[in-house]
Amino acid sequence: MLIAAGAVGLRRTLMVCRHWTAAAKSTAGAAAAGTMQKPSVGIIVIGDEILKGQTADTNSHFLTRRLFSLGVKVHRISVVPDDVEVIASEVCKFSKAYNYVITSGGIGPTHDDMTLEAVAKAFDETVVPHPEIVALCKKFFGTDDIKSPKLKLAFIPESGVLHYGVDKLTGEKSLFPLVVVKNVYIFPGVPKLMESAFDRLEDLFRNPNAQFHTRDVFVRSDEVSITGILNDANAKFKDKVIIGSYPDFYNSYYKVKLSLESPDKSQIDALCKFLQDNLPESALVDYDGNPLHQVEDKVYGLSSRVKDKSFLEKLRLSLGVIEDSLERYGMKQLCVGFNGGKDCTVLLHLAHAAVKRKFGAGAPKLKALYIRRGQPFPEVELFIKHCRNRYSLELITVSGQIKDALGELNSKDPALKAVVMGTRRTDPNSSSLSTFSPTDSGWPDFMRVNPMLDWSHSDVWLFIRSLSLPYCTLYDRGYTSLGSMENTHPNPALQLVDAKGISYRPAYELTDESRERDGRN
């Protein structure tokens, strides 16, 4: 069993497949030509700044993800300081152990750029000026004087070979080559440069014989409670499927993600059937980790997953109202009211889907209005920030009572004429509203668009959870209607009292909809 630190805590791999390859003795060129069926990689990240925490290492994450997609297995990642002896020792060890060694960092003209010298030392070579790189240095730095510090990166190990990448879209050749010494590939440390170089040179690492299938399975039960079943699955599918178990303590939909990997799709299918037959009933979650991908198809095609005809009719009418508002006002004159609550979460997703359907990939940014009132919950503010980034919103934030806030909105963006709102008839003073309702006399002149008037509390949660939408975490802690910190608390209808004390069930478990606002003062 391998155990490592994950993004949310413990990360376990329940099974380790047989070592993909023996210690590599052939050259990287042979591996790239496809003679190795299961190539292995070791990554060496070089730099004092990484070890001191001054710079975050994003290169190893990029490389492992890309190499995996190419059918290549990363066996080890090492981070070493700017020290020739240490780098050379690690390169020597990795070169004997893996088909490919990728280094990142330590290339340049300064005193702490030691990678080329260290790689040469690892193979008992010296560094010599390469005429092609000297010519490139003259072009970029204006000198070909080999004594100049600017030409330090022109000195490469004697057996070094240059590889120029090619842009797959334009066919343009890289301006600067990658230096390869035996099976060691020496990449720059600047993430943008490293990623660009790898994009152009990824075919050097591609495994032509790779047939690899992956699938994620999401489980509602906690990891401890299903450990026995996972151990049984591991024993049954040993050497056939790699099972990774990843607890998530903060996700609103699942508690464990199982990552299944195998060269044989039928084995993954068989394992999924085993899990379905042996895990507790309803333990498996139909979770979509990217609900914004093809969002218009998912929202407009929700009838394929939800069979509640009454709800689907409300959904159809709501989308029609939003489409009508887009026709009337366009994107410049229209904004969506968004305060981080559950109703507005539905509204924002509906509007986003309608905009994508109407305008396609080139859709302009959707304007969103956040009226900050009282002392907002930090969880709400954080969720709004995440939604702004997730939906690429043009977020307009104003403070105060609604009437004053609309006046400020009019001053900030005079072009706006209509606000799409997540109001429902059960909200205070909303029973007589229509889908298009002008503001009252004496108020700033806006059209209030109300596509969700007839939605119920259960309709809102059916939509959110059917599409795996992220929502404010307060709803998982018993809050059912969000205002400000001064006037909102968990709903007593969801309270649980046991030996451990008082806790609250999540908002979507509320059955008496007449008590939805019982948590509001």
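# A guided tour of the predicted chain

The chain has 15 helices and 22 strands. What you have open is a predicted model.

**The whole chain**

Start with everything shown as a C-alpha trace. Along its principal axes the trace spans about 85 × 60 × 40 Å. Colour the chain by accessibility next: of its 521 residues, 47% are buried. Contacts can be sorted by how far apart the partners are in sequence. Of the contacts between residues at least 6 apart, 71% join residues at least 24 apart.

**Stop 1: Thr 115**

Select Thr 115, which is found in helix 5, residues 115–122. Is this residue buried or exposed? Thr 115 has a relative accessible area of 0%, so it counts as buried. Now show what surrounds it. Leaving aside neighbours within four places in sequence, Thr 115 is in contact with Ile 46, Thr 103, Gly 105, Gly 106, Ile 107 and Ile 186.

**Stop 2: helix 8 against helix 9**

Select residues 227–236 for helix 8 and residues 265–278 for helix 9. The two helices pack at an angle of about 150 degrees, and their axes are 11 Å apart. An angle over 145 degrees counts as roughly antiparallel, and helix 8 and helix 9 are therefore described that way. The crossing of helix 8 and helix 9 is right-handed.

Show the side chains where they meet. Helix 8 contributes Ile 229, Leu 230, Asp 232, Ala 233 and Lys 236, while helix 9 contributes Leu 271, Phe 274, Leu 275 and Asn 278. Sorted by class, the residues of this contact are six nonpolar, one polar and two charged.

**Stop 3: Asp 269 and Arg 215**

Stay on helix 9 and pick Asp 269, which lies in that helix. Its side chain meets that of Arg 215 in a salt bridge, at 2.6 Å from N to O. Arg 215 belongs to strand 11, residues 213–219, so the pair ties together parts that are 54 residues apart in sequence. Asp 269 is partly exposed at 31% relative accessibility, and Arg 215 is also partly exposed, at 27%.

**Stop 4: helix 11 against helix 12**

Select residues 309–329 for helix 11 and residues 342–359 for helix 12. What is the angle at which they pack? The angle is about 60 degrees, with the axes 10 Å apart. Helix 11 and helix 12 are therefore oblique to each other, and their crossing is right-handed.

- From helix 11: Leu 315, Ser 318, Leu 319, Ile 322, Glu 323, Leu 326 and Glu 327.
- From helix 12: Leu 347, Leu 350, Ala 351, Ala 354, Val 355, Arg 357 and Lys 358.

By class, this contact is made of nine nonpolar, one polar and four charged residues.

**Stop 5: Arg 357**

Keep helix 12 selected and centre on Arg 357, which lies in it. With a relative accessible area of 52%, Arg 357 is exposed. Not counting residues up to four places away in sequence, Arg 357 touches Glu 296, Tyr 300 and Glu 323. The C-alpha atoms of Arg 357 and Glu 323 are separated by 9.5 Å, and the two residues are 34 apart along the chain.

**Stop 6: Arg 424 and Asp 343**

The structure holds 30 salt bridges. One of them joins the side chains of Arg 424 and Asp 343, at 3.3 Å from N to O. Arg 424 sits in the loop between strand 18 (418–420) and strand 19 (436–438), whereas Asp 343 is in helix 12; the two are 81 residues apart.

**Stop 7: Glu 379 and Arg 477**

Select Glu 379 and Arg 477, which form a salt bridge with closest N and O atoms 3.3 Å apart. Glu 379 is in helix 13, residues 378–390, and Arg 477 is in the loop between helix 15 (457–466) and strand 21 (495–498), 98 residues away. Glu 379 is partly exposed, with a relative accessible area of 24%. Arg 477 also counts as partly exposed, at 42%.

**Last stop: a salt-bridge network**

Finish by selecting Arg 66, Lys 168, Asp 199, Glu 202, Asp 203 and Arg 206 together. These residues are linked in a network of salt bridges.

Methods
Residues numbered from 1 in each chain as written. Predicted model: local features only at pLDDT ≥ 70, side-chain atom pairs only at ≥ 80, totals over all residues. Heavy atoms only, no water. Axes fitted to C-alpha atoms, helices over the stretch in contact; angles between N-to-C directions. Helix = DSSP H or I, 4+ residues; strand = E, 2+ residues; numbered from the N terminus. Parallel < 35°, antiparallel > 145°, perpendicular 65-115°, else oblique. Left-handed = near helix turned anticlockwise from the far one by under 90°. Contact = heavy atoms within 4.5 Å. Nonpolar A, V, L, I, M, F, W, Y, C, P; charged D, E, K, R; others polar. Buried < 20%, exposed > 50% of the residue type's maximum accessible area, 1.4 Å probe, protein only. Salt bridge = Lys/Arg side-chain N within 4 Å of Asp/Glu carboxyl O.
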